[in-house]
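Subject: Structure handover

Hi,

Here is the structure I promised to pass along. Have a look at it first, and then read on for my notes.

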Amino acid sequence: MKKIRKYFLIDGLIGSAIFYYFVRKIQIFYDVDISIDGYGLAGAAWYGLGLGFVFGVKFIRVNELIAFFRKK
């Protein structure tokens with residue numbers, strides 16, 4: 001059985017925040033009004049938070065950053 005990393009949740013949350021930020025920036029750039037288009041905010045939540053979590057878990061390694069800064 002594969003062991004879950006210590007910072008699994010933190011890695012995912014950082015990825016979610018990054019993706020959500022960029023999805024909202026794109027929506028603001030294209031003038032998506034979330035009060036009229038409810039799917040606009042749902043899209044930001046799905047793509048930003050959902051796929052961002054997967055991206056964060058796959059590519060972001062908080063434990064390596066902590067180890068890097070502790071060496072100095």
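This is a predicted model: local features need pLDDT of at least 70, side-chain atom pairs count only at pLDDT 80 or more; totals for chains, interfaces and linings use all residues.

Below is what turned up, going from the whole chain down to single residues.

**Overall fold**

The protein chain has three helices and zero strands, which gives the pattern α-α-α when you read along the sequence. The chain is more spread out than a compact globule, because its radius of gyration is 16 Å, well over the 11 Å that the globule rule gives for 72 residues. If you want a box for it, the C-alpha atoms fill roughly 50 × 35 × 15 Å along the principal axes.

As for contacts, take those in the chain with a separation of 6 or more: 79% of them are between residues 24 or more positions apart.

**Surface and burial**

Of the 72 residues, 22% are buried. The chain exposes about 6,000 Å², and carbon and sulfur atoms supply 70% of that area.

There is also a nonpolar surface patch of about 460 Å². Its members are Ile10, Ile14, Ile18, Tyr21 and Phe22. Ile10 counts as partly exposed because its relative accessibility is 40%, a value between the 20% and 50% cut-offs.

**The salt bridge**

How many salt bridges does a search of the whole structure find? The search finds one. The partners are Arg5 and Asp11, and their closest N and O atoms are 2.7 Å apart. In general, side chains of opposite charge can pair when their charged atoms come close.

Arg5 has a relative accessibility of 29%, so it counts as partly exposed. Asp11, on the other hand, is at 0% and therefore counts as buried.

**A residue in helix α2**

Last item: Val54, which lies in helix α2 (residues 38-59). Is Val54 buried or exposed? Val54 is exposed, because its relative accessible area is 53% and the exposed class begins over 50%.

Cheers

Key:
Residues are numbered from 1 along each chain as its sequence is written. Side-chain values use heavy atoms; hydrogens and water are left out. Patches are made of residues with over 30% relative accessible area and no salt bridge: like charges are joined within 9 Å, nonpolar side chains (Val, Leu, Ile, Met, Phe, Trp, Tyr) within 5 Å. Accessible areas come from the Shrake-Rupley method with a 1.4 Å probe; for residues, only the protein chains shown count as cover. A salt bridge is a side-chain nitrogen of Lys or Arg within 4 Å of a carboxyl oxygen of Asp or Glu. Buried means under 20% relative accessible area, exposed over 50%, partly exposed in between (1.4 Å probe, protein chains only). Helices (H or I, at least four residues) and strands (E, at least two) are DSSP runs, numbered from the N terminus. The radius of gyration is taken over C-alpha atoms; the globule rule is 2.2 Å times the number of residues to the power 0.38. Contact means heavy atoms within 4.5 Å.
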